[in-house]
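Hello,

Here is the structure I promised to pass on. Please open it first, then read my notes below.

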Amino acid sequence: MTPPAERRLLTPEEYRQAQDSPEFTELRRRFRRFAFPMTVAFLAWYLLYVLLSTYAPDFMATPVFGNVNVGILLGLGQFVSTFVITHLYVAHANRRTDPISDEMRERLEHHDYAPSARGTTGGTDLGKGGATRA
Amino acid sequence: MRSVLAADGATATVGSPAINISIFGVFVLVTLVITFRASRNNKSAADYYAAGRNISGTQNGLAIAGDYLSAASFLGIAGAIAVYGYDGFLYSIGFLVAWLVALLLVAELMRNTARYTMADVLAFRMRQGPVRTAAAISTLAVSLFYLLAQMAGAGGLVTLLLGVTGEAAQALVVVLVGALMIIYVLVGGMRGTTYVQIIKATLLIAGALVMTVWVLALYGFNLSALLGDSVANAVEGRDVLAPGAQYGATSISKLDFVSLGLALVFGTAGLPHVLMRFYTVPTAKDARRSVVWAIWLIGIFYLFSLVIGYGAGALVGPETILGAPGAVNSAAPLLAFELGGTVLLGIIAGVAFATILAVVAGLTITASASFAHDVYASVIKKGKVSPNGEVKVARITAVVIGAVSIGLGILALQAGLNIAFLVALAFAVAASANLPTILYTLFWKRFTTQGALWSMYGGLIACIVLIVFSPVVSGAPVNPATGLSPSLFQDVDFHWFPLNNPGIVSIPLSFFLGWLGTILSKEKPDLDKNAELEVRSLTGIGAEKAVQH
């Protein structure tokens, strides 16, 4: 087992403080404002594709060039959109959310969100008080 | 389906079983050596369950692909494309798009908050006992369904690839697969399993690449010409370039496909053996990197399958495929034989077996971890158990699960039961029992224990009840070609649910029950725990670190 002894546990107050902090609100907002609409978008696009394939096979069979038809192009389009969304998400995370979460993690490790966050190094009292590990 | 098929040579096996067996033997030997070497570092629970969290993002991406691309993906999708054309392709798209759910909503947040199992997150801010029990039951159900389908698939594959028929030979293969799977898991733990999956994914993707380039080269890299040839060879009157050949027959079968599509796209991010792979990397960023790798590998692999499938349709022809032992599943091996003779066939056959081994090992370790960590350590012993004691229980569980799946796998084969539907059922349960609860837990502050239980048990029970009373189990019309009904049980009919796939009912039901259970419960959500979960999930503070050796 990895002994957790080397890190002092965070108290519920610290988590509440961190959760209420403006930087966390911003982090959550940035994460959700990308992830949620994007999820809705790709699910809708996938569902549209499945519905077209099941209920509009004639439209999907429309030839575009050679033997390649609309259905094959839309299917390949699902692959392309999946790869593009993957790329967009990674770029978004690297630029928009990682900097905040890295900084907050750093500050949490130094107990910057403790209500009495001054000179607490080595203190043991804060480590108890209901702090738990998952 | 036309019945001209079994006209000639239906029992002949292509290729040389000796070559097939020796190539598979080499794979087994190499992976066993690596597994034993990996076992030297297996000291702690984090080693056994999560490979010490030392797997890199790239390695984990390969391992995820190895875990996810089952024989059904490889042989089944290529075969479905070869015979039914477009509808097989349609199937693979759901399997891929589903990974965006994992990437955007699940992977990193789970890595940041869980230690070993899905229940670590689900029980985080709930009452531990009931939620862990429910999550473990659902994990065991999904794993066992998936495992049994793979075992039966291994038994079927042997007929096709080794030229042996008969119950004894099939049973022997199931025992062999089960025994190897137990060894990988017992000796290698998650690290050994990971290496097996990495090797398998590399072989599988390389093999598919060779076949793809070969087929395209025959057509001067002109996709349209390849498609044209497969149209010319298609079963009479079937347009293999348009959707509908397999699913488009009736309004029920159309709805059935939509239902399957929902289960695929919501199920993947709720598959416990996929979730568990996220815990093997050091940080959330590596979890993200591994999903990105997995998406590229899986996506490219399915693009290869498209070429292999239409290639098999064009070069081998659907009638030959359906006439071969293994029917649809024989498309890729037959194409390999057509292209590269016995050697390429041997390689592809070996890869197909390797595929089954890697998948079953991943399932077994997940199921054993869930029982030992969630049920034994947390619920039965209330957390008062040493990590070593927990790992010991996990190992015993792995043996028991292995033995049970060998036994049930043989039973299913001997009784001639068609249990391929269990894969779709596993996805449906993962999509209904697991994913709604995961999303509510991560994103809905008010979610309570009662909501979690209603959603998990509701989703699980709905899936199983609907399947039991569906045409999968009884009452599907008899196929005139074989004289048999595709249902699990012949000659009885107690079905009332018209669809083969329960997802379209069970997934919304589970989301609804999660919401209803929450708003009706008197329990106040634990806001402290919610703060901890949310801060940890987004910042990674307090996340389990890699083990230093």
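Start at the N terminus of chain A and follow its elements: they run α-α-α-β-β-α. That gives 4 helices and 2 strands. Keep in mind that this is a predicted model.

**Chain A by itself**

Chain A has 134 residues, and 25% of them count as buried. Look also at its contacts with a separation of 6 or more. Of these, 66% join residues 24 or more positions apart.

The UniProt entry, which is unreviewed, annotates residues 34-56 and 68-90 of chain A as "transmembrane region". What does the chain look like over residues 34-56 of chain A? It is 96% helix and 0% strand there, and the end C-alpha atoms lie 32 Å apart. Residues 68-90 of chain A are 91% helix and 9% strand. Their end C-alpha atoms are 32 Å apart.

**Where chain A meets chain B**

The contact draws 47 residues from chain A and 54 residues from chain B. On the chain A side, several elements each supply at least two residues: H1 (12-20), H2 (22-55), H3 (57-60), S2 (68-69) and H4 (70-109). Which of them gives the most? H4(A) does, with 17 residues. By type, the chain A side divides into 29 nonpolar, 14 polar and 4 charged residues.

**A helix pair in chain B**

Two packed helices are described by the angle between their axes and the distance between the axes. Now find helix H5 (residues 86-113) and helix H10 (residues 251-267) of chain B. They pack at an angle of about 40°, with their axes 7 Å apart.

Is B:Ala206 buried or exposed? Count the other C-beta atoms within 10 Å: there are 12. A residue with 12 or fewer counts as exposed, so B:Ala206 is exposed. Then look for B:Thr366, 160 residues away along the chain. The C-alpha atoms of B:Ala206 and B:Thr366 are separated by 27 Å.

Best wishes

Note on methods: Residues numbered from 1 in each chain as written. Chains lettered and ligands numbered in written order. Predicted model: local features only at pLDDT ≥ 70, side-chain atom pairs only at ≥ 80, totals over all residues. Contact = placed C-beta atoms within 7 Å. Nonpolar A, V, L, I, M, F, W, Y, C, P; charged D, E, K, R; others polar. Buried ≥ 20, exposed ≤ 12 C-beta atoms within 10 Å, placed from the backbone. UniProt positions renumbered as here; feature names shortened; annotations may be inferred. Axes fitted to C-alpha atoms, helices over the stretch in contact; angles between N-to-C directions.
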